[in-house]
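Visitor: I'm new to reading protein models. Could you walk me through one, feature by feature?
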Amino acid sequence: MQREVGSLPLAPALRARLVAAGFQTAQDLLETGPCGLSKEIGISKEEALEVLQVVRQECHGDAARTAGASDATRKCTALELLEEEQAQGFIITFCSALDNILGGGVQLTKITEICGAPGVGKTQLCMQLAVDVQIPECFGGVAGEAVFIDTEGSFMVDRVVDIATACVQHCQLIAEAHQEEDHLKALETFSLESILSHIYYFRCRDYIELLAQVYLLPDFLSEHSKVRLVVVDGIAFPFRHDFEDLSLRTRLLNGLAQQLIIIANDHKAAVVLTNQMTTRIGQSQSTLVPALGESWGHAATVRLIFHWDNSQRLATLYKSPSQKEATIPYHITSHGFRDVQPPAVTQNAEDTEMNPRKRPRREEEK
Amino acid sequence: MAAKKLRRARLSQELCERLSRHQITTCQDFLCLSFLELMKVTGQSYYDVQKLLRQVSRACAPKMQTAYEMKLRNSVNPSSAFLSTTLHSLDKVLHGGVPCGSLTELTSPPGCGKTQFCIMMSVLATLPVSMGGLDGAVIYIDTESAFSAERLIEIAGNRFPTYFDSDEKLFCMTRSIHLYRELTCGSVLNRIMSLEEEIISKKVKLIIIDSVASVVRKEFDTKLQGNLAERSNFLTRGASALKYLAEEFSIPV
């Protein structure tokens with residue numbers, strides 16, 4: 001009630017007038033009433049009413065905060081958070097080694113960043129995740145939809161068709177092995193057409209379209225409440241060229257990161273970003289580091305770096321709040337993102353796709 | 001899209017005038033400001049500014065399409081999704097050929113046959129659709145002056161003797177290949193930027209740039225400090241312009 005007039009979210013000109021007329025706290029405003037307000041400041045009665053409504057809304061929010069009501073704020077105990085985290089689902093990547101080092105898969109409500117040199121498999125993983133997020137719950141997935149924001153134009157529908165077909169086949173095999181009711185029922189809705197129709201694709205040509213799309217995302221997600229994954233493929237690309245003003249770039253990126261964190265938390269969605277690599281030239285050598293600078297490094301909660309090692313692709317978990325740093329090899333097959341098969345098993349080349357290595361992991365989850 | 005004027009984003013006239021007094025005329029300027037700056041400049045309250053922001057965003061945001069719609073569009077005319085290279089194993093690996101609507105890069109040490117491949121692709125693009133071509137014109141941006149018209153006719157005559165049986169057909173084909181000789185980075189970039197209208201007027205179905213590296217290496221010496229940034233700037237601008245052209249017109253580049 002004792003809130004100062006200068007801190008209310010009103011138009012600046014209006015605020016200036018209120019202060020000039022001598023109103024100092026919100027209490028003063030509420031006591032005056034709309035008619036008195038309009039006469040003193042010289043605004044219409046409707047505007048005065050609006051001002052008072054805004055003031056009342058703010059003060060109610062304040063009072064609830066000071067009274068400690070837990071639903072007005074985001075305050076809750078760590079125990080509640082623990083229960084929430086344990087019940088939370090993960091989006092699996094079909095590569096069990098990667099899921100293990102991530103602690104189960106890509107986490108919901110967190111931002112995961114994937115960095116890597118060109119051609120190493122970032123977009124492949126994003127497409128794999130966009131399919132995997134739709135796996136029904138009885139098979140161990142989160143049964144959600146995906147939003148794919150593409151800035152580089154590397155989204156190939158035919159490739160997604162391949163990945164989705166492999167995923168559906170995999171689930172069909174599991175259903176045949178277990179023969180449970182809900183498996184078969186879920187399989188009816190989990191088909192190629194439904195997978196493709198639940199991937200919402202946006203093609204952003206430059207950073208302004210990207211900013212505009214991220215501003216509109218909360219509304220979109222409220223309409224499509226089943227979305228559990230937002231992929232921004234190529235967050236570095238529109239910001240790396242034609243940007244003379246580096247401070248503007250940092251500010252826009254930070255704003256973008258904050259928006260994405262809010263979206264991830266409010267809608268319980270996982271946000272996956274892909275970043276490019278740039279060369280940092282040191283005194284004696286040059287190293288590959290993620291692009292967009294040091295300040296961007298704070299935006300993502302989990303950071304994965306993909307790199308090559310003599311024609312073997314490796315993934316390193318570089319930054320994570322709960323898992324330790326580890327490196328694992330992975331493979332990209334015609335079916336998508338997969339584990340590297342150990343040498344003993346690769347002798348029978350025909351059935352490496354239906355390899356029992358993948359199925360036991362599923363059965364463990366039951 | 002970004003340079004869209006605020007007037008066309010359906011903001012009120014007086015708001016546009018007020019903003020233009022602060023030199024904010026396009027959506028780009030509007031979206032680059034922070035909340036507080038926007039409140040100061042528009043003179044409106046926090047919630048109104050949020051609504052304005054959403055309105056302006058809606059004016060510039062891209063359209064949504066589901067992956068399913070994209071697949072349907074591709075499968076409606078499968079032949080137009082790829083330009084076959086007529087090398088069967090290469091086509092199999094590429095899933096059909098050079099994809100339409102995206103950039104394909106060809107690299108190799110010198111002398112392996114890149115320019116020959118480009119010349120062959122130009123011939124293929126001018127063939128009618130029934131023979132696996134795109135029935136359209138070709139824009140060939142040559143930076144090394146390596147294009148030889150005689151070789152073009154030789155390839156066309158020997159590869160498709162039944163089709164190019166008359167001189168007239170050969171002339172027709174050569175007329176639809178537009179060659180531009182550019183020798184500096186700046187002129188290459190200018191040429192790419194000006195291609196949009198030419199593509200529509202000449203019904204171009206294939207763009208070839210031979211080669212990007214030669215101009216870039218000639219002009220930018222990476223040992224000098226500032227040049228690295230300028231070089232990557234030039235390359236990314238060229239790349240995004242080409243991507244835009246490829247996607248907009250669904251042609252291979």
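This is a predicted model: local features need pLDDT of at least 70, side-chain atom pairs count only at pLDDT 80 or more; totals for chains, interfaces and linings use all residues.

Visitor: What should I look for in backbone angles?
Guide: Most residues other than glycine have a negative phi. Phe94(A) has a positive value, with phi near 70 degrees. Lys268(A) also has a positive phi, near 50 degrees. You'll find Lys268(A) in the loop between α12 (246–266) and β7 (270–275) of chain A.

Visitor: Is Lys268(A) buried or partly exposed?
Guide: Lys268(A) counts as partly exposed, because its relative accessible area is 41%.

Visitor: Next topic: salt bridges. How do I spot one?
Guide: Side chains of opposite charge can pair when their charged atoms come close. The rule here asks for a side-chain nitrogen of Lys or Arg within 4 Å of a carboxyl oxygen of Asp or Glu.

Visitor: How many salt bridges does that rule give over all chains?
Guide: The count comes to six. One of them pairs the side chains of Arg54(B) and Asp219(A), at 3.5 Å from N to O. Arg54(B) lies in helix α4 (residues 46–60) of chain B and Asp219(A) in helix α10 (residues 207–223) of chain A, so this pair joins two chains. As for accessibility, Arg54(B) is partly exposed at 29%, and Asp219(A) is partly exposed at 27%.

Visitor: Which residues are linked in a network of salt bridges?
Guide: Look at Glu182(B), Arg191(B), Glu198(B) and Lys202(B). Arg191(B) bridges to Glu182(B), with the closest N and O atoms 2.8 Å apart. Arg191(B) also bridges to Glu198(B), where the closest N and O atoms are 4.0 Å apart. Arg191(B) is partly exposed at 22%, whereas Glu182(B) is buried at 8% and Glu198(B) is buried at 17%.

Visitor: And what is a surface patch?
Guide: Patches are made of residues with over 30% relative accessible area and no salt bridge; like charges are joined within 9 Å, and nonpolar side chains (Val, Leu, Ile, Met, Phe, Trp, Tyr) within 5 Å. For charges, Lys and Arg count as positive and Asp and Glu as negative, while His and the chain ends are not counted. Each charge is placed at NZ of Lys, CZ of Arg, CG of Asp or CD of Glu.

Visitor: Which residues form the negative patch?
Guide: Glu80(A), Glu83(A), Glu84(A) and Glu85(A) form it. Glu80(A) lies in helix α4 (residues 78–87) of chain A and is partly exposed at 42%.

Visitor: Which residues form a nonpolar patch?
Guide: Leu87(B), Leu90(B) and Leu94(B) do, with about 210 Å² of accessible area together. Such areas come from the Shrake-Rupley method with a 1.4 Å probe, and for residues only the protein chains shown count as cover. Leu87(B) is in the loop between β2 (82–83) and α6 (88–93) of chain B.

Visitor: Last one: how is each chain divided?
Guide: Domain bounds come from an automatic or database domain assignment. Chain A has domain 1 (5–64) and domain 2 (81–339), with centres 46 Å apart over C-alpha atoms. Chain B has domain 1 (6–60) and domain 2 (78–249), and their centres, again over C-alpha atoms, are 42 Å apart.

Terms used:
Residues are numbered from 1 along each chain as its sequence is written. Chains are lettered from A and ligands numbered from 1 in the order in which they are written. Side-chain values use heavy atoms; hydrogens and water are left out. Helices (H or I, at least four residues) and strands (E, at least two) are DSSP runs, numbered from the N terminus. Buried means under 20% relative accessible area, exposed over 50%, partly exposed in between (1.4 Å probe, protein chains only).
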